[in-house]
Amino acid sequence: MTDPYAEIRAEVARLCKTFPDSYWRELDRDGAYPTQFVDTLTRAGWLAALIPEEYDGAGLPLSGAAAILEEIQRAGANGAACHAQMYIMGALLRHGSDVQKAEYLPRIARGELRLQAFGVTEPTSGTDTSSIRTTAVRDGDRYIVNGQKIWTSRAEHSDLMLLLARTTPKAEVTKRTDGLSLFLVDMRAAREAGMTIRPIRTMMNHATTEVFLDDVPIPADSLVGEEGRGFRYILSGMNAERILIAAECVGDAKWFIDRASAYATERSVFGRPIGQNQGVQFPIARAYARMRAADLMVQDAARRFEADESCGAEANMAKMLAAEASWEAAEACVQTHGGYGFAEEYDIERKFRETRLYQVAPISTNLILSYLAEHVLGMPRSY
Ligand SMILES: Cc1cc2nc3c(=O)[nH]c(=O)nc-3n(C[C@H](O)[C@H](O)[C@H](O)COP(=O)(O)OP(=O)(O)OC[C@H]3O[C@@H](n4cnc5c(N)ncnc54)[C@H](O)[C@@H]3O)c2cc1C
């Protein structure tokens with residue numbers, strides 16, 4: 001079957017080539033944000049892939065966005081610096097008012113505004129989103145927000161943040177997921193009104209932060225959709241997020257496999273290429289087979305998503321299998337390189353650190369397994 005995105009892939013790969021390994025290595029060393037890379041991607045229109053044409057985006061289906069992110073990772077770049085814009089804007093597109101869509105989507109598509117921050121996770125609630133403690137209390141034509149978010153990635157490099165906060169206390173709702181609301185927060189205005197952001201140093205260069213909201217007023221019209229329905233809105237975007245991140249993991253796996261097989265072929269020890277030893281070949285070949293299988297699941301999930309069929313199980317499986325495949329490929333790549341796998345200048349240790357994240361975020365493997373056990377296999381709910 002011919003790849004409908006072959007041209008897009010070639011264009012993205014060409015763009016990524018102008019940002020060589022040394023670019024990423026230096027940013028990683030300094031913990032710096034790849035502003036130039038993100039600006040270039042934005043100007044080329046790739047980050048507006050999913051924004052409909054009527055709002056000046058490219059209007060591609062999800063599989064087109066997945067192809068873009070896969071190629072970014074395959075080129076050795078780090079799409080985590082900007083991938084969120086692709087899926088966060090889905091909440092605005094599906095649930096925002098016509099006024100919000102007309103005001104924000106074209107400006108996001110043109111690169112005048114960055115929508116890169118998604119404030120859901122909190123220190124005390126972790127994966128249990130319905131227990132978040134950040135509150136937004138209506139006060140005339142504004143809401144007053146109090147609380148703390150953690151792992152809010154790219155908050156320092158975004159003009160807007162999609163924020164989940166509780167608007168009705170948990171004790172007053174029948175379903176624990178009711179009473180949560182979604183807001184589109186203007187980061188500059190919120191910072192001026194007392195929101196503070198503190199970077200968190202992590203094992204990879206990820207620009208993630210803690211966000212503190214202390215009596216921060218936000219306009220009432222920053223509410224997205226109806227009050228109290230925010231949890232449903234973010235759930236509806238999660239399948240897209242999982243499929244896109246799975247595609248990134250497939251791209252990572254391809255990068256590791258390319259590097260490992262090239263090195264195994266060129267490195268000679270005991271007078272012959274190390275790749276002539278099956279002990280070196282097999283882990284790479286196995287990682288390749290796992291990557292291909294995960295890729296099929298990503299394609300199936302994306303096809304279902306685009307056909308408006310139920311795809312929760314497939315999106316979750318795609319994300320889990322692809323994250324495991326990229327990790328297996330990373331392992332094989334380090335092992336193939338021997339000592340050099342640990343040397344900064346080979347970039348493998350950097351990608352190794354980066355790809356590990358996807359077994360934990362945006363959702364950890366255990367939670368995917370419990371979803372499958374309960375919703376697909378009909379076993380009792382565990383939590
Ligand atoms: C670098 C990075 C970037 C991130 N970016 C964002 C972001 O931009 N926005 C945002 O909102 N969040 C973000 N996150 C948060 C991420 O989604 C969470 O870390 C993740 O969902 C897990 O939550 P937690 O860390 O609180 O782990 P916890 O919920 O405390 O879980 C810890 C461990 O226990 C396991 N566990 C918990 N409950 C169960 C159960 N019932 N059954 C079995 N196992 C269980 C989990 O699987 C996990 O392995 C980011 C995280 C990281 C590390």
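Reply: Helices (H or I, at least four residues) and strands (E, at least two) are DSSP runs, numbered from the N terminus. This is a predicted model, where local features need pLDDT of at least 70, side-chain atom pairs count only at pLDDT 80 or more, and totals for chains, interfaces and linings use all residues. Residues are numbered from 1 along each chain as its sequence is written.

Me: How many bridges join strand 6 to strand 7?

Reply: Strand 6 covers residues 196–200 and runs antiparallel to strand 7. Within that pairing, Ile197 has Val211 as its bridge partner. The number of bridges joining strand 6 to strand 7 is five.

Me: And which residue of strand 7 is the bridge partner of Lys149?

Reply: Strand 3 (residues 142–150) is joined to strand 7 (residues 208–219) by eight bridges, again antiparallel. The partner of Lys149 in strand 7 is Val211.

Me: Which class has no residues in the shell around the ligand?

Reply: The ligand has 23 residues around it, and Val120, Gly126, Thr127, Trp151 and Ser364 come nearest (near means a C-beta atom, placed from the backbone, within 6 Å). Ala, Val, Leu, Ile, Met, Phe, Trp, Tyr, Cys and Pro count as nonpolar, Asp, Glu, Lys and Arg as charged, and the others, Gly among them, as polar. The shell has 10 nonpolar and 13 polar residues, and the class with none is charged.

Me: Which helix gives the most to the shell around the ligand?

Reply: Strand 1 (115–119) and helix 12 (365–376) each supply at least two residues. With three residues, the top contributor is helix 12.

Notes: Two strands pair if DSSP finds at least two bridges between them.
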